[in-house]
Amino acid sequence: MAPSSRPWIVSPHGPLEKLEPNLWTVHGMMGNGVVDRRMNIVRRANGSLWFFHAVPLAEPELDEVLAWGKPEALILGHGDHGLDATPFARKLGVKIYGPRAHEAALRQKHELAGTLEALPEDPHVRFLEMRGTKKGDAAGLVTSGDRVSVMFSDCYQDHTHTKGVARLFGFRGGPKVVPLFRFLFTKDAKALRAHLEELAATPGLARILPTHGPMRTEDPAGTLRAVAARL
């Protein structure tokens, strides 16, 4: 492993959105101000917190998160999704996990505690690898009462409001598997399509939380089916 020397850097981000008693989210921008990103925070029944992707927070938001629960784990989508993972893990004292399909790349960049299978079992949160993807592209499902939220890394993106050069690479056009992901990160489009359709059929599906793009609560099942159909 090559330890990262990147410090804790707080880039612009919005407020903490408290979606459910066990699920918060925060949406922000990368340092370049062009690409957006999202971090989701899940509170387990034992009070520990799991973070899906790493977004360093400003002090007021960080203090609020630490008052909510004890940080335990940071889950990364794949080995190319961890810009702030190492400083985040060091500051909060969490262990890093990621998909088995990209384990070697993750271990080259971070002190990986294990793959998704090593996470403790929990009745309210589950992480999985998206089938048909080259790097595992972790996704997560969080159950809150009778509602389920599905969280994506890169296979589902929504760049409706993207500006600038990203438009040249087919990112615009609403929720979809963007062309760049299909070309570089997909090995079996049929398998990925089937997995998206499977998630669309999740009972109680209430929202989609992509790493890149706005949260979607209006007809999330229909949205996932439409994304799958366009593959």
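Analyst: The account below starts with the sheet, moves to the helices on it, and ends with a helix pair and a loop residue.

This is a predicted model, in which local features need pLDDT of at least 70 and side-chain atom pairs count only at pLDDT 80 or more, while totals for chains, interfaces and linings use all residues. Residues are numbered from 1 along each chain as its sequence is written, and side-chain values use heavy atoms, with hydrogens and water left out.

Helices (H or I, at least four residues) and strands (E, at least two) are DSSP runs, numbered from the N terminus. Two strands pair if DSSP finds at least two bridges between them.

The sheet is open and has seven strands in the order β1-β2-β3-β4-β5-β6-β7, with mixed pairing. Its edges are β1 (17-20) and β7, each with a single partner strand, so one side of each is left without a neighbour in the sheet. From one strand to the next the twist averages 30 degrees; angles run from 0 to 180 degrees between N-to-C directions, and axes are lines fitted to C-alpha atoms, for helices over the stretch in contact.

Both senses of pairing can be illustrated. β3 and β4 are antiparallel, over four bridges, and N40 stands opposite F52 in β4. Strand β6 (residues 95-98) pairs with strand β7 (residues 112-115) in the parallel sense, over three bridges. Here I96 has L112 of β7 as its bridge partner. Between β6 and β7 the chain passes through helix α3 (residues 103-109), a β-α-β crossover that is right-handed: with the strands pointing away from the viewer, the path from the first strand over the helix to the second runs clockwise.

Next come the helices on the sheet. α1 lies across β1, β2 (23-29), β3, β4 and β5, and runs at about 160 degrees to β2. α2 touches β3, β4, β5 and β6, and its direction makes about 160 degrees with that of β5. Contact here means heavy atoms within 4.5 Å.

Helix α2 (residues 85-92) has six of its eight residues buried, where buried means under 20% relative accessible area, exposed over 50%, and partly exposed in between (1.4 Å probe, protein chains only). The buried residues of α2 are A85, T86, P87, F88, A89 and L92. They pack against β3 (36-43), β4 (48-52), α1 (59-68), β5 (70-75), β6 and α3. Just after α2, G93 takes a positive phi of about 70 degrees.

Another covered helix is α6 (residues 220-229), with seven of its ten residues buried. Its buried residues pack against β10 (147-152), β12 (175-176), α5 (189-200) and β13 (205-210). With α5, the packing angle is about 170 degrees and the axes are 8 Å apart. That makes α5 roughly antiparallel to α6, since angles under 35 degrees count as roughly parallel, over 145 as roughly antiparallel, 65 to 115 as roughly perpendicular and the rest as oblique. R193, L196, E197, L199 and A200 of α5 meet A221, L224, R225, V227 and A228 of α6.

Finally, S153 is found in the loop between β10 and β11 (157-158). S153 is buried, with a relative accessible area of 0%. Leaving aside neighbours within four places in sequence, the contacts of S153 include F52, H53, G77 and H81.
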